[in-house]
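Keep the structure open while you read.

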Amino acid sequence: MRKFIVFFGLAVSAISIALFAKNISDYKVGTELNDKQGVEYFKERAKTKVVPWADKKLTIDDVPKGKDGELIRYGIELLMNTEAHLGPKGKLKMTDPEVTCVACHLHDDNGLPGTKKYAFPFVNSINNYPMLDIETMTIISLEDRIRGMGHTDSVRFPSDSKEMRAILAYFKWLKEAYNYGDKVKVEGEFLAKIKFPNRPADPVKGKALYAVHCAACHGNDALGIKNDNYEQGGGHLYPSLMIWPDGGHMSMLPFLARFLKSTMPSGASADNPILSDDEALDIAAYINTGFVRMPMHTTEGRAGIDTAYSKSPSLKPDYFASPQQNLDPKEFIKVKYGPWKNPNYFPGE
Ligand code: HEC
Ligand code: HEC
């Protein structure tokens, strides 16, 4: 018996060493990593080969005909008109209010969701997942990420639903159509870097800029403009800016500023921005602190605002602020408004 215990002890330590050192793509979905393993994980991930952005200008006519093509087209429809299908006023009620996928994962001029450079494109999502989620320090699947986006769970939005399969079929088709190959990262993914001023963000300036550049479409209340048939599931003409919770990715000022620089006002791109870096930052500060946002709710695979990043002190963005975690209000203001050491960095981007 004693021998057995010793042997068992050895086996366990051998397993944990193997866990630490193995290839990142070998980690199973659901595995929890500790802070140190997380740091190693992203060090390994940073070695992934980066390939240039391919300007494919695909249209929906490039999607194959037949049954496979039908599923891909359904996936495109769900991403474009999410509220009508998945939203609480839509047919299926699988996500929370007012989330339209293409509102943040923008399309290029040809209209396929997630094909705009530096606006969280979907062109390489198949390669990017499974991935370590640093909010919870758990390896999550692409399906988990998609559910998290809709503030929903695997009961309401199961992995084997036709809707999930359709979205994944579209992502797979995109990856093949762009011809990126396996296990690569793509230049133009995630968000562009901007030059952050060495000063705190200024929400008062941001408010005035918002009135000039944004309010016409998103409204003074930031609730967007609803379509006439909103109650029947028709969704928004211009999306609400209140869809992300306090504590979510977009509530971090540098993160939102980077997004805005490459996307807004409508028509802006990373190559042809409309806002200056300073303007993008100040507007981000106003949108995120000038309104009362819904709190971040804990669902499966998603931490609450009080526990987010609590298991990953080394990876937590230096611009993540929450009243629960930064109990001293002065510290909260400093973390929330900056300036920051690493505003252009998000682990895994
Ligand atoms: C309010 C903006 C917003 C909306 C709306 C939104 N997303 Fe996201 N999405 C993000 C952000 C921010 C990230 C980056 C999160 C990260 O990588 O940790 C992201 C990441 C993703 C990813 C991972 C992409 C990759 O390759 O790394 C997928 C897939 C995704 N979202 C799907 C969806 C789907 C499907 C919907 C609609 C149900 C949706 N998103 C709606 C902001 C949004
Ligand atoms: C001409 C109308 C228009 C103007 C002006 C405009 N937007 Fe948008 N905005 C849109 C549309 C439409 C989308 C959805 C994505 C798309 O189709 O381009 C969007 C998406 C967004 C999103 C992501 C989705 C969401 O619901 O949060 C944010 C954030 C945003 N806009 C902020 C801004 C800010 C800040 C400004 C001012 C600098 C601005 N927009 C100016 C039309 C506009």
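Around ligand 2 there are 20 residues, and the nearest of them are Cys 214, Cys 217, Pro 239, Met 264 and Pro 265. "Around" here means that a residue's C-beta atom, placed from the backbone, lies within 6 Å of the molecule. This is a predicted model, where local features need pLDDT of at least 70 and side-chain atom pairs count only at pLDDT 80 or more, while totals for chains, interfaces and linings use all residues. Residues are numbered from 1 along each chain as its sequence is written, and chains are lettered from A and ligands numbered from 1 in the order in which they are written.

Which elements build that shell? Two or more residues each come from α5 (101-104), α10 (215-218) and α12 (277-289), with α10 giving the largest share, three residues. Helices are DSSP runs of H or I with at least four residues, strands are runs of E with at least two, and both are numbered from the N terminus.

Now for ligand 1. Its shell has 23 residues, and Cys 101, Cys 104, Ser 125, Met 149 and His 249 come nearest. Here α5, α6 (125-128) and α7 each supply at least two residues, and α7 gives the most, with four.

The table sets out the make-up of the two shells. Ala, Val, Leu, Ile, Met, Phe, Trp, Tyr, Cys and Pro count as nonpolar, Asp, Glu, Lys and Arg as charged, and the others, Gly among them, as polar.

| Shell | Nonpolar | Polar | Charged |
|---|---|---|---|
| Ligand 1 | 14 residues | eight residues | one residue |

Where do the ligands sit relative to the domains? The chain is assigned domain 1 (50-186) and domain 2 (203-337), with bounds from an automatic or database domain assignment. Both domains give residues to the shell around ligand 1, so ligand 1 lies between them. Ligand 2 also lies between the domains, because domain 1 and domain 2 both give residues to its shell.

The domain centres, taken over C-alpha atoms, are 21 Å apart. Across the boundary, 27 residues of domain 1 are in contact with 21 residues of domain 2, contact meaning that the C-beta atoms, placed from the backbone, lie within 7 Å. On the domain 1 side, α4 (82-85), β3 (138-140) and α7 (142-149) are the elements that give two or more residues. That side is evenly split by class: nine nonpolar, nine polar and nine charged residues.

Next, the nonpolar cores. A core is a set of buried Ala, Val, Leu, Ile, Met, Phe, Trp, Tyr and Cys residues joined through C-beta atoms within 7 Å. Buried means 20 or more other C-beta atoms within 10 Å of a residue's own, exposed means 12 or fewer, and partly exposed is in between, with C-beta atoms placed from the backbone. The largest core has 60 residues, and among those touching the most other members are Ile 167, Tyr 170 and Ala 284. α8 gives the most to this core, with nine residues. Domain 1 and domain 2 both contribute, so this core lies between them too. Leaving out residues up to four places away in sequence, Ala 284 touches Ala 201, Leu 253, Leu 256, Ala 257 and Leu 260. Another core, of nine residues, lies apart from the largest one and includes Leu 33, Met 131, Ile 134 and Ile 139.

Finally, take Glu 44, in helix α2 (residues 35-45). Glu 44 counts as partly exposed because it has 14 C-beta neighbours inside 10 Å.

How values were computed:
Two residues are in contact if their C-beta atoms, placed from the backbone, lie within 7 Å.
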